[in-house]
Amino acid sequence: MTSTELTGEEIVEQAKARRGGKLLPVHELMAEVDPQILRRYDQLTAELLFPEEPKALDLKTHYLVLVGVTTAVKGDPDGVIWSAKRAMQHGASRREVLEAVLLSGLPGGMPTIEEATHALKKVFDES
């Protein structure tokens, strides 16, 4: 069965599995409106967010960039937590993760740093 032949339920389960069993509200809405939208979105994010092998950037750097970008665009705290954990799983130190957050303050403003540090505290407390 190809990905275009998957049922809506199978698409949702595949997306959940890739994300550790949890979907964000945006994923749930896509699945509700049209599971094929979620399938296409999941294929794109799989390539960008969940690479199995490094591309031009090693995986540590890949996830550190995501920490900074998610912080700078005032992304959700779960995104900061998720990308920080991934960066640390691939060898990033606490200092490197914090530096990614601090660098994002230049384009994103100081409130973005303050918000992200609340999320980082949770990550650091768990590690």
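Residues 24 or more positions apart account for 56% of the contacts with a separation of 6 or more in the protein chain. The model is predicted, and its secondary structure consists of seven helices and zero strands.

**Overall dimensions and surface**

- Taken along the principal axes, the box filled by the C-alpha atoms of the protein chain is roughly 45 × 30 × 25 Å.
- The protein chain has 127 residues, and buried residues make up 38% of them.
- Its accessible surface comes to about 7800 Å², and carbon and sulfur atoms hold 58% of that area.

**Nonpolar cores**

- In soluble globular proteins, nonpolar side chains tend to be buried together.
- The largest nonpolar core of this model holds 20 residues, among which V97 and L120 touch the most other members.
- At least two residues of this core come from each of α4, α5, α6 (94-108) and α7 (110-126).
- Helix α7 supplies the largest share, six residues.
- A second, separate core has eight residues, including L6, V12, A31 and L38.
- Leaving aside residues up to four places away in sequence, V97 touches L64, V67, A84, A87, M88, A92, L120 and F124.

**The buried aspartate D42**

- D42 lies in helix α3, which spans residues 35-49.
- The relative accessible area of D42 is 4%, which is under the 20% limit, and D42 therefore counts as buried.
- The side chain of D42 is joined to that of R18 by a polar contact of 3.2 Å.
- R18 is also one of the residues that D42 touches when those up to four places away in sequence are not counted; the others are Q14, A15 and R19.

**The nonpolar surface patch and V73**

- On the surface, L57, V65, V69 and V73 form a nonpolar patch, and together these residues have about 330 Å² of accessible area.
- V73 is located in the loop between α4 (59-72) and α5 (77-89).
- V73 is classed as exposed because its relative accessible area, 59%, is over the 50% limit.

- Is D42 buried or exposed? D42 is buried, and its side chain makes a polar contact with that of R18.
- Which residues touch the most other members of the largest nonpolar core? They are V97 and L120, and these two residues also touch each other.

Key:
Residues numbered from 1 in each chain as written. Predicted model: local features only at pLDDT ≥ 70, side-chain atom pairs only at ≥ 80, totals over all residues. Heavy atoms only, no water. Patch = residues over 30% accessible without salt bridge, like charges linked within 9 Å, V, L, I, M, F, W, Y side chains within 5 Å. Areas by Shrake-Rupley, 256 points an atom, 1.4 Å probe, with all protein chains shown as cover. Salt bridge = Lys/Arg side-chain N within 4 Å of Asp/Glu carboxyl O. Helix = DSSP H or I, 4+ residues; strand = E, 2+ residues; numbered from the N terminus. Buried < 20%, exposed > 50% of the residue type's maximum accessible area, 1.4 Å probe, protein only. Core = buried A, V, L, I, M, F, W, Y, C linked by side-chain atoms within 4.5 Å. Contact = heavy atoms within 4.5 Å. Polar contact = N/O pair within 3.5 Å; in protein donor to acceptor, adjacent residues only side chain to side chain.
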